[in-house]
Amino acid sequence: MELANIEKLVEKYLDAETTLQEEKVLQEYFTSDNVAPHLYEYSYMFSYFKQSKDETFTKTIQLKPERTNKKNWKWLSVAASVVLLFSVFIGKQRYDEHLQEKQLQAQFAQVKEALQMVSVNLNKGNEALYAVSNNINKGQDAIGHLNTYEDTVNKVINTVK
């Protein structure tokens with residue numbers, strides 16, 4: 001075969017553009033005894049390809065039988081970790097809600113106690129106002145009696161004069 005044609009096929013082969021027939025031509029050329037010296041390095045590659053085609057593996061391959069009841073412990077531990085983290089997250093939220101509820105109850109109790117104290121003091125103030133009002137009423141009655149006494153004394157004095 002013409003050397004220029006072989007060089008073109010080698011270029012196509014290295015660019016992965018050859019057909020199977022062209023590769024067969026290259027295989028025959030490089031496994032023959034008349035290879036050009038500057039292309040001799042490719043003969044090793046094609047000799048290896050030819051030799052490796054003839055090789056076969058004769059030993060039997062032992063495959064382990066697949067056990068269907070085998071559990072994948074790695075994934076089980078990952079799932080358990082995710083469940084644990086999720087439960088801790090939910091538990092923390094519930095605990096925070098519980099603390100907030102306790103604080104609100106404590107604040108409500110303080111406000112209720114303060115309002116009860118205000119109510120008690122207002123009731124005491126009302127009682128004091130009633131006592132003052134009663135004393136004022138007594139004072140008005142006493143003044144009324146004094147006015148009656150004064151009028152009577154004035155009549156007696158006027159009559160005596």
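Is Thr 159 buried or exposed? Thr 159 is exposed, because its relative accessible area is 65%, and the cut-off for exposed is over 50%. Before I go on, please note that this is a predicted model.

Thr 159 sits in helix α4, which covers residues 73–160. Along the sequence, Thr 159 and Gln 21 are 138 residues apart, and in space their C-alpha atoms are 166 Å apart.

Another residue of helix α4 is Val 78. Val 78 counts as partly exposed, because its relative accessibility is 44%. From Val 78 to Gln 140 there are 62 residues along the chain, and the separation between their C-alpha atoms is 92 Å.

Now to the other helices, starting with α1, residues 3–14. How many residues does α1 have, and what should they span? There are 12 residues, and at 1.5 Å a residue they should span 16 Å. The end C-alpha atoms of α1 are 17 Å apart, so the two values agree.

Which residues of α1 are buried? They are Ile 6, Leu 9 and Val 10. These residues cover an arc of only 105° around the axis, so they are on the same side of α1. An α-helix has 3.6 residues a turn, so residues three or four places apart point the same way. As for partners, the buried residues of α1 pack against α2 and α3.

Next, the loop between α1 and α2, where we find Ala 16. Its phi is near 60°, which is a positive value in a residue other than glycine. Ala 16 counts as exposed, because its relative accessibility is 68%.

The next loop, between α2 and α3, holds Ser 32. Ser 32 has 28% relative accessibility, so it counts as partly exposed. Ser 32 and Gly 91 are 59 residues apart along the chain, with 80 Å between their C-alpha atoms.

That brings us to helix α3, residues 40–54. Its 15 residues should span 21 Å at 1.5 Å a residue, and the end C-alpha atoms are 22 Å apart, so this helix agrees with expectation.

Buried residues in α3 include Tyr 42, Ser 43 and Phe 46. Looking down the axis of α3, the buried residues fall within an arc of 110°, so they line one face of the helix. What does the face turned away from the buried side of α3 carry? That face carries the exposed residues Glu 41, Tyr 44, Tyr 48 and Gln 51. Among the elements that cover the buried residues of α3 are α1 and α2 (20–31).

Last, the pair α2 and α3. How do they meet? Their axes come within 9 Å and cross at roughly 110°. Angles of 65 to 115 degrees count as roughly perpendicular, so α2 is roughly perpendicular to α3. On the α2 side, the contact is made by Leu 26, Gln 27, Phe 30 and Thr 31. On the α3 side, the residues are Tyr 42, Ser 43, Phe 46, Ser 47, Phe 49 and Lys 50. By class, the contact has five nonpolar, four polar and one charged residues.

Technical notes. Residues are numbered from 1 along each chain as its sequence is written. This is a predicted model: local features need pLDDT of at least 70, side-chain atom pairs count only at pLDDT 80 or more; totals for chains, interfaces and linings use all residues. Side-chain values use heavy atoms; hydrogens and water are left out. Helices (H or I, at least four residues) and strands (E, at least two) are DSSP runs, numbered from the N terminus. The expected span of a helix is 1.5 Å times one less than its number of residues. Buried means under 20% relative accessible area, exposed over 50%, partly exposed in between (1.4 Å probe, protein chains only). The arc is that of the directions from the helix axis to the C-beta atoms. Contact means heavy atoms within 4.5 Å. Axes are lines fitted to C-alpha atoms, for helices over the stretch in contact, and angles run from 0 to 180 degrees between N-to-C directions. Angles under 35 degrees count as roughly parallel, over 145 as roughly antiparallel, 65 to 115 as roughly perpendicular and the rest as oblique. Ala, Val, Leu, Ile, Met, Phe, Trp, Tyr, Cys and Pro count as nonpolar, Asp, Glu, Lys and Arg as charged, and the others, Gly among them, as polar.
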